[in-house]
Amino acid sequence: YLYILGHSLVPRLVNSFIELPKHSKYHFIFGQAHSRIIIEGIKNGNYDLGICAFVREEYEIEFVPIIKQRLILIVSQDHPLASRPSVSAREALSYPLITYNSFTGESRRLVDEIISGANVKANIIYEFEEESSIAAMLEGSQAVAIVPEVSILHHSPVKRIPLSDIHQDRKLYLVKARNKKLSRPSEAFYQFILHSDLTKYL
């Protein structure tokens with residue numbers, strides 16, 4: 001699963017699953033990585049299931065959308081935009097930008113689309129794989145970042161601001177090999193995720 005999901009979603013989801021008596025003896029082996037590595041791990045048999053962003057042209061993988069996360073602006077607490085109730089993407093991108101690196105796939109693509117739609121040349125100063133590193137780098141900085149609203153941001157010293165002209169979500173997917181039968185425990189966990197209200201675990 002994605003690094004950021006280890007903060008709340010995956011631990012809470014797994015604990016709820018194994019609390020059920022029929023699942024109490026199931027054993028999990030976890031791996032954390034960015035989306036492309038997760039997909040490769042499923043294709044080569046290292047993982048049965050994954051939770052990650054969409055990766056294009058992976059026809060051997062079944063992607064089932066399970067989570068939507070609204071894209072927002074984050075800045076340091078003392079940033080000039082910090083007191084604003086909302087900010088346009090064009091104004092936000094007039095400041096230096098901290099964003100995702102190319103390995104993140106869908107997350108970087110969404111930010112690039114926002115940059116293109118704002119018709120500006122973004123001044124990208126740092127690139128990272130996940131949101132906790134992006135948020136940490138904002139401290140004491142005049143830079144901005146556009147990220148999904150993930151739970152770890154509620155515990156970071158950043159200001160979360162809606163984008164006034166952008167209403168876009170990052171989707172996360174439950175993934176598995178399309179033509180491979182899951183083991184009984186993996187199939188049970190797969191169905192548990194599909195039939196759970198994941199908002200209570202975020």
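**Ground rules.** The model is predicted, so I kept in mind that local features need pLDDT of at least 70 and side-chain atom pairs pLDDT 80 or more, while totals for chains, interfaces and linings use all residues. Residues are numbered from 1 along each chain as its sequence is written, and side-chain values use heavy atoms, without hydrogens and water.

**Helix pair.** I looked up helix H1 (residues 9–18) and helix H6 (residues 184–194), whose axes come within 11 Å and cross at roughly 115 degrees. (Axes are lines fitted to C-alpha atoms, over the stretch in contact, with angles from 0 to 180 degrees between N-to-C directions; helices are DSSP runs of H or I, at least four residues, and strands are runs of E, at least two.) That makes H1 roughly perpendicular to H6 (65 to 115 degrees).

I then listed the contacts (heavy atoms within 4.5 Å). Leu13, Val14, Ser16 and Phe17 of H1 meet Pro185, Ala188, Phe189, Phe192 and Ile193 of H6.

**Pocket.** I noted about 550 Å³ for the volume of the largest pocket. (A pocket is an open set of points on a 1 Å grid with protein on both sides within 12 Å along at least five of seven lines; lining residues have an atom within 4 Å of a point.) Its lining has 25 residues, and Phe28, Ile29, Phe30, Asp48 and Leu49 lie nearest the centre. H1, strand E1 (50–52) and H6 each give two or more residues to this lining.

Note on methods:
Parallel < 35°, antiparallel > 145°, perpendicular 65-115°, else oblique. 1 Å grid on protein atoms, 1.4 Å probe; cavity = no way out; pocket = protein on both sides within 12 Å on 5 of 7 lines; lining within 4 Å. Points joined across faces, edges and corners; volume = space filled by probe spheres on them.
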